[in-house]
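Me: Please take a close look at one part of this model for me. Pick out the charged side chains that pair up, and walk me through them step by step.

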Amino acid sequence: ATATFGELCFQGTLEEGRLFADSVFTENVVIDGSTTDADSFMRLTADPNQRHSGVAGTGPVIAPTVVGHGIEVIDDYTEVSWLEVTDWSTDAGGSYDGIRLRANNLLVSHVIVHDDGRGAEQNSDANGINLEESNVTATVRNSIVYSIARAGISLWQRSGSTLNVVNCTVYDCVQADNIPASQGCLVVDGLNGEPASNLNLTHVI
């Protein structure tokens with residue numbers, strides 16, 4: 001799926017895409033191609049009357065049938081909220097995430113990310129929400145991530161980046177690199193398996 005793109009800063013607009021819970025969205029979503037700033041940016045969300053209740057299957061669902069990320073965000077300042085992402089990444093040879101973040105000043109909130117398509121594989125390359133870009137900042141808040149074949153929420157071998165994780169629940173995720181499985185892969189930095197100094201956690205269980 002593609003989003004409207006262009007010079008949003010010049011236009012002074014906020015482009016918002018609203019999803020409804022009347023069907024499952026089966027395409028990979030890529031948000032890319034717009035020039036954005038703090039006032040003019042892209043937002044992908046559920047219609048206010050179609051938001052999930054915190055339980056899978058109660059709101060709009062993105063479940064791609066083509067190999068790839070569920071949602072990939074490449075435009076700065078993008079917001080993704082109130083969506084469920086599941087059953088992506090069915091190719092054993094690839095590295096795909098439910099939501100992959102590759103831009104600056106991103107916000108992911110009130111999402112449910114669960115049950116990637118590679119759940120039977122120990123330590124596969126399927127993460128729930130993954131920040132994979134250097135020298136950027138992103139925030140994940142008020143979200144639930146579970147039953148992922150690798151890390152639930154990850155800051156992956158990137159220098160100079162900050163990932164803020166606030167009020168999130170992450171559980172039932174498989175071992176990643178040399179992070180012990182007993183830690184549940186709640187939040188990991190894949191760089192030598194060490195906690196990231198630029199990974200800020202608040203009320204994460």
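Reply: Start with Glu-79, which is partly exposed at a relative accessible area of 21%. Buried would require under 20%. Keep in mind that this is a predicted model.

Glu-79 has a charged partner. Its side chain meets that of Arg-43 in a salt bridge, at 3.0 Å from N to O. The two sit in distant parts of the chain: Arg-43 belongs to strand S4 (residues 42-46), Glu-79 to strand S7 (residues 79-81), and 36 residues separate them. Side chains of opposite charge can pair when their charged atoms come close.

Now turn to Arg-43. Its relative accessible area is 24%, so Arg-43 is partly exposed. Arg-43 also forms a salt bridge with Glu-16, where the closest N and O atoms are 2.7 Å apart. Glu-16 lies in strand S1 (residues 15-19) and Arg-43 in strand S4, so this pair ties together parts that are 27 residues apart in sequence. Glu-16 is partly exposed as well, with a relative accessible area of 32%.

At 46% relative accessibility, Arg-18 is partly exposed. Arg-18 forms a salt bridge with Asp-47, and their closest N and O atoms are 3.8 Å apart. The cut-off for a salt bridge is 4 Å, so this pair counts.

Glu-16, Arg-18, Arg-43, Asp-47 and Glu-79 are linked in a network of salt bridges. In the whole model, the count comes to 8 salt bridges.

For contrast, look at a nonpolar region. The largest nonpolar core has 35 residues, and among those touching the most other members are Val-113, Ile-129 and Ile-153. Strand S16 (residues 162-173) gives this core its largest share, 5 residues. Beyond its neighbours within four places in sequence, Val-113 is in contact with residues including Trp-88, Ile-129 and Tyr-146.

Strand S14 (residues 144-148) has 4 of its 5 residues buried, so the rest of the structure largely encloses S14. Strand S11 (residues 112-114) runs parallel to S14, joined by 3 bridges.

How values were computed. Residues are numbered from 1 along each chain as its sequence is written. This is a predicted model: local features need pLDDT of at least 70, side-chain atom pairs count only at pLDDT 80 or more; totals for chains, interfaces and linings use all residues. Side-chain values use heavy atoms; hydrogens and water are left out. A nonpolar core is a set of buried Ala, Val, Leu, Ile, Met, Phe, Trp, Tyr and Cys residues joined through side-chain atoms within 4.5 Å. Buried means under 20% relative accessible area, exposed over 50%, partly exposed in between (1.4 Å probe, protein chains only). Contact means heavy atoms within 4.5 Å. Two strands pair if DSSP finds at least two bridges between them.
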